[in-house]
Amino acid sequence: MEDFHHALKFKYELCIGCSHCTGICPTGAIHVKNGKPNLNPNRCIDCGKCYSVCPVSAIYIEQDDFNTIYNYAYPILLLPSIFSAQFQERISNRAILSSLYHLGFKQVFEVERSVPVIKEKMAEITKNEFTEKPIISTFCPAIVRLIQVKFPSLVGNLCLIKPPLDVTALYIKKSLIDQGVKEEDIGIFYVAPCAAKIAAVKSPVGEDESKVDGVINMNYLYNKVLRVIKQGEYKLIDNEQDFHTLCKESLLWALTGGEINLLKHGRNLAIDEIHNVSQFLDKLENEDLDAIDFLELRACDESCAGGILCAGNRFLVAERQRKRAQNHVHTHNDNDALVKEKQYLLEHIKVGEVQPRSMDKLDDNISVAMRKMKRSFEINTHLPQVDCRICGYQTCKELANAIVNNEAELQQCIFIQRILEHTDKMTTGEAVKITKSIWGEAKIDKDVIKSLKIE
């Protein structure tokens, strides 16, 4: 099983060991050791919650060098429709598009252009009585990974079709090749509103590789475009056709409710924000819920409008996007060049099977894993269940799992330390040494260390 690619990276020299990232992670992927965060790469889903709460910017997001677009004779930009909503209303779509061409792109496509094709496939799947319900959308890659690692029993419910990004990229490549452009000259670049979408391009689930050649941070491109507009260096294009090919349904797709609005029958729910989703899936996995046909799940609050790489306030971005949809006169057009390739796209729209990657898996050997699970349960019953994180782990259960895997010790629990101290089985100096090994010397009062003569 290959490791996940991760767009989130740590700058350890900046980290102050505050543990905000440990507490916010929805999969318990981060624990603290020697005063620094340690990431379990097989648990991280690149939701970006840790990035959002870090007070010192010790977490950053990897992206490709923008200058790589100039390595291609025909660089194409795949743009989420919410990109234009990052800008204030006084900045026109025509100016934004002109600036993107000024930066060197030959063509600009909004990714949701393929929504009418996806809508048709979704309708087919949801009407199939043999499809396992509820069907869970695979639009948000952080949700797909969340289900893989935290709710592996639900991977069979995932709707195995490509998101708009991949379908539109597939169309672009075929269209340009049909026009006589050499495949090696085509460079498709995607503007990502979040870390999970970057990770999905670099390490797609259910596919061998992505049609996208590079990823650009949305906040980075926003600032680059804004600079071009303010300096007035660009030449205004004659029209803004690339921003006028989306129907209302396509424009609303990236917002909460965008998918279920396309479904006319059944009980369909839209849930955003990763912790809300996790709590809901926990109920679903425990069979507390039934009679749900489709779940639209998004990791970010306000869906893609709240992506951690968005430049604008998520509520204002969502408002601008809805206004654009309301004022947009364009409707679904069967003469659209992409829709004309519908049959080809539908033939390639499915993705492969998604494999579970349970974060509770303690060993590859089932018998060993069962013994470890039993031992972890026993250890956990002796822990206080207050999830204070002083041990460096997010929960008592996580500490217990780490102990059975020889990655931690029971004495890391401060409550166990106090019991051992009161029964003269541990000295205060030994307790401080353990705490120091978790949080680092900077977190412990140096006078206390000196008085206890701890090196």
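**Notebook: cysteines, cores and domains**

The model is a predicted one.

Cys 304 is in no disulfide; its nearest cysteine sulfur belongs to Cys 194 and is 6.3 Å away. A pair would need its sulfur atoms within 2.5 Å. I looked up the accessibility of Cys 304 as well: the value is 11%, so Cys 304 counts as buried. Cys 391 is likewise in no disulfide, with the sulfur of Cys 388 as the nearest cysteine sulfur, 6.1 Å away. I noted 9% relative accessibility for Cys 391, which therefore counts as buried.

To their contact, domain 1 gives 16 residues and domain 2 gives 14 residues.

How much area is buried between domain 1 and domain 2? I read about 1,200 Å², with 69% of it from carbon and sulfur atoms. I also searched the interface of domain 1 and domain 2 for salt bridges, and the rule finds two. Separately, I looked up Lys 49 and Glu 273: their side chains form a salt bridge, at 2.7 Å from N to O.

I moved on to the nonpolar cores. The largest has 123 residues, and Leu 77, Leu 78, Phe 83, Leu 221 and Leu 281 have the most contacts inside it.

Leaving aside neighbours within four places in sequence, I listed its contacts, including Phe 109, Val 111, Leu 165, Ile 172, Ile 188, Phe 189 and Val 212.

My last entry is on Ile 186, which lies in strand β8 (residues 186-192). Is Ile 186 buried or exposed? Its relative accessibility is 1%, so I put Ile 186 down as buried. Not counting residues up to four places away in sequence, Ile 186 touches Tyr 72, Tyr 74, Lys 173, Leu 176, Ile 177, Val 181 and Asp 213. I also checked Ile 186 against Pro 75: the two are 111 residues apart in sequence, but 5.9 Å apart in space from C-alpha to C-alpha.

Note on methods. Residues are numbered from 1 along each chain as its sequence is written. This is a predicted model: local features need pLDDT of at least 70, side-chain atom pairs count only at pLDDT 80 or more; totals for chains, interfaces and linings use all residues. Side-chain values use heavy atoms; hydrogens and water are left out. Helices (H or I, at least four residues) and strands (E, at least two) are DSSP runs, numbered from the N terminus. Buried means under 20% relative accessible area, exposed over 50%, partly exposed in between (1.4 Å probe, protein chains only). Contact means heavy atoms within 4.5 Å. A nonpolar core is a set of buried Ala, Val, Leu, Ile, Met, Phe, Trp, Tyr and Cys residues joined through side-chain atoms within 4.5 Å. Buried area is the accessible area (1.4 Å probe) that two parts lose on being put together, summed over both. A salt bridge is a side-chain nitrogen of Lys or Arg within 4 Å of a carboxyl oxygen of Asp or Glu.
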